[in-house]
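Below are my notes on the model, in numbered points. Please read them alongside the coordinates.

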Amino acid sequence: MELNSQNRPFSIKLWPPSQNTRQTLVEKLTNNLTTKSIFTQKYETLDKEEAAKSAKKIEDTAFATANLHYENEPDGDGGSAVQLYAKECSKLLLEVLKRGPGKNSDKEAVISDDDAVPRDSVFDISKGKRAFIEAEEAHELLSPLKEPGNSFTKICFSNRSFGEGAAKVAEPILISLKDQLKEVDLSDFVAGRKEAEALDVMRIFSAALEGTVLKYLNLSDNALGEKGVRAFGTLLKSQSCLEELYLMNDGISEDAAQAVSEFIPSTEKLKVLHFHNNMTGDEGALAIAEVVKRSPSLEDFRCSSTRIGDEGGVALSDALGNCTHLRKLDLRDNMLGVEGGISLSKALAKHAELREIYLGYLNLEDEGAIAIANTLKESAPHLEVLEMSGNEITVDAAPAIVDCLATKQFLTKLNLSENELKDEGAIQISKALEGLNQLKEIDLSSNKISGDGARQLALTVVQKADFKLLNVNGNFISDEDIEELIVIFKDSPDMLGPLDENDPDGEDGDEESDKGGSEDELESKMKNLVVD
């Protein structure tokens with residue numbers, strides 16, 4: 001098991017600022033508190049010692065506030081955190097000046113260390129440079145976790161590759177935090193390590209965290225396999241209060257899935273289970289189905305891209321019937337087929353709380369799609385997202401889909417891309433969308449639709465006040481019809497998605513292809529014909 005680092009897209013992060021940048025800001029704040037300006041003329045300057053002390057507290061407070069903001073929006077570039085950082089510094093600087101000199105004593109601090117600076121509950125080293133961590137660096141990097149009275153309840157060691165030496169440094173620290181930790185993120189924390197060392201690191205962390213009462217555990221992106229799952233067995237077996245478990249992109253095969261089921265017997269409180277991008281297959285799906293069956297509180301289940309076929313799909317569907325609180329279901333990119341789709345439709349009848357369902361690329365065909373649409377018509381009254389792309393759905397399934405959509409007054413997003421609905425199906429669906437006032441996004445790209453179908457869809461959605469995007473790319477819309485679409489959306493051009501993959505000269509070649517195939521077959525037989 002060679003655990004290679006993953007290629008990640010390059011992006012510029014504006015947060016957090018470097019230590020040098022923070023120190024420079026403290027010096028500027030000190031200067032502002034001690035030199036003549038409009039504000040110091042009005043409120044008086046501070047002496048250098050008091051100013052330096054106040055400047056440090058101002059920067060610490062502003063940084064803590066901005067960093068907390070960044071933790072809640074981790075996918076951004078940090079620009080909003082930088083703005084908040086500057087704003088907080090300015091506000092606190094003015095407060096110090098208003099209070100005047102001589103008021104920063106131990107009894108009357110300008111900024112109380114206990115009250116003004118938010119006590120950190122999250123310890124996260126994932127935002128730094130992606131690199132190996134050995135023992136020496138681990139001592140420095142993890143030092144905040146050793147501070148007496150720290151309030152960390154979540155640790156995130158993702159994006160740093162721990163060696164055995166670093167793991168041994170972390171071990172006693174994690175043991176000391178057992179009574180306070182609630183969330184642990186160890187995703188992608190052994191990248192690039194050889195198998196033997198990676199497994200040793202996993203065992204060290206597992207033993208150190210054994211017995212910690214966790215609500216959240218993320219072990220994704222670690223190429224676990226069966227050996228890795230078993231290396232974490234001590235930790236997994238000790239968990240009885242987990243609410244969220246993430247095992248994505250972990251190389252979990254049939255045997256590894258069996259190990260997961262074996263080591264996580266207690267899942268009564270589990271609300272989120274994400275199992276994306278593994279090589280589970282049908283046999284592995286049977287094991288995962290056992291975990292799902294034992295998780296009656298499940299609200300969010302993701303088992304996409306896991307090589308599951310119809311047998312595994314049937315087992316998972318049956319298990320999901322027990323999860324009556326399910327709000328989000330993602331089974332995309334598997335091969336459930338018609339049989340799996342029909343089995344899933346029976347389970348969906350019990351999911352009254354369902355809000356989002358992602359069923360793309362399951363090979364459902366018309367029969368499976370119709371079964372699911374018929375069930376959803378009677379269940380999931382608050383459904384907001386319906387995705388069934390890439391399922392070979394034709395116009396024959398359109399009436400069932402239309403009837404289903406008519407009952408979904410809260411629907412905001414519909415994705416039926418990469419099917420074969422053609423104009424007739426698109427027109428039927430567009431009529432069903434007329435009464436859906438909360439609709440924001442429609443994707444009917446790559447459906448062999450021409451101008452008639454696209455026009456009807458456009459006329460339907462353009463009237464909706466909150467509508468955002470119509471995607472009809474990859475269809476057979478003529479240049480003339482494209483011009484008409486542009487005119488329809490002239491007052492809201494952003495509503496119409498790109499049409500760069502549209503084929504204006506395209507046509508449905510099925511009949512011609514079938515005819516050609518028959519002629520070739522006939523010609524072949526004629527050549528071999530022997531006349532007696």
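1. The largest nonpolar core has 121 residues, and the members that touch the most others are Phe 157, Phe 205, Val 292, Phe 301 and Leu 329. A nonpolar core here is a set of buried Ala, Val, Leu, Ile, Met, Phe, Trp, Tyr and Cys residues joined through side-chain atoms within 4.5 Å. Buried means under 20% relative accessible area, exposed over 50%, and partly exposed in between (1.4 Å probe, protein chains only). Helix 7 (residues 195-209) gives the most to this core, 8 residues. A second, separate core of 19 residues includes Tyr 70, Leu 92, Leu 93 and Val 96.

2. This is a predicted model: local features need pLDDT of at least 70, side-chain atom pairs count only at pLDDT 80 or more, and totals for chains, interfaces and linings use all residues. Residues are numbered from 1 along each chain as its sequence is written, and side-chain values use heavy atoms, with hydrogens and water left out.

3. The chain has 19 helices and 15 strands; these are DSSP runs numbered from the N terminus (helices H or I, at least four residues; strands E, at least two). Of its 532 residues, 47% count as buried.

4. Beyond its neighbours within four places in sequence, Val 292 is in contact (heavy atoms within 4.5 Å) with Leu 273, Leu 298, Phe 301, Leu 316, Ala 319, Leu 320 and Cys 323.

5. There are 10 aromatic pairs in the structure. Rings of Phe, Tyr and Trp (its six-membered ring) pair if their centres lie within 6.5 Å; planes under 30 degrees apart count as stacked, over 60 as edge-to-face and the rest as tilted. Phe 63 and Tyr 85 are edge-to-face, 6.4 Å centre to centre with 80 degrees between the planes. Phe 63 lies in helix 3 (residues 48-72) and Tyr 85 in helix 4, so this pair ties together parts 22 residues apart in sequence. Both Phe 63 and Tyr 85 are buried.

6. Phe 157 and Phe 205 also pair: with ring centres 6.1 Å apart and planes at 80 degrees, the pair is edge-to-face. Phe 157 is in the loop between strand 3 and strand 4 and Phe 205 in helix 7, so the pair ties together parts 48 residues apart in sequence. The relative accessible area is 0% for Phe 157 and 2% for Phe 205. Ring pairs link Phe 157 and Phe 205 into a cluster with Phe 123, Phe 152, Phe 162, Phe 189 and Phe 232.
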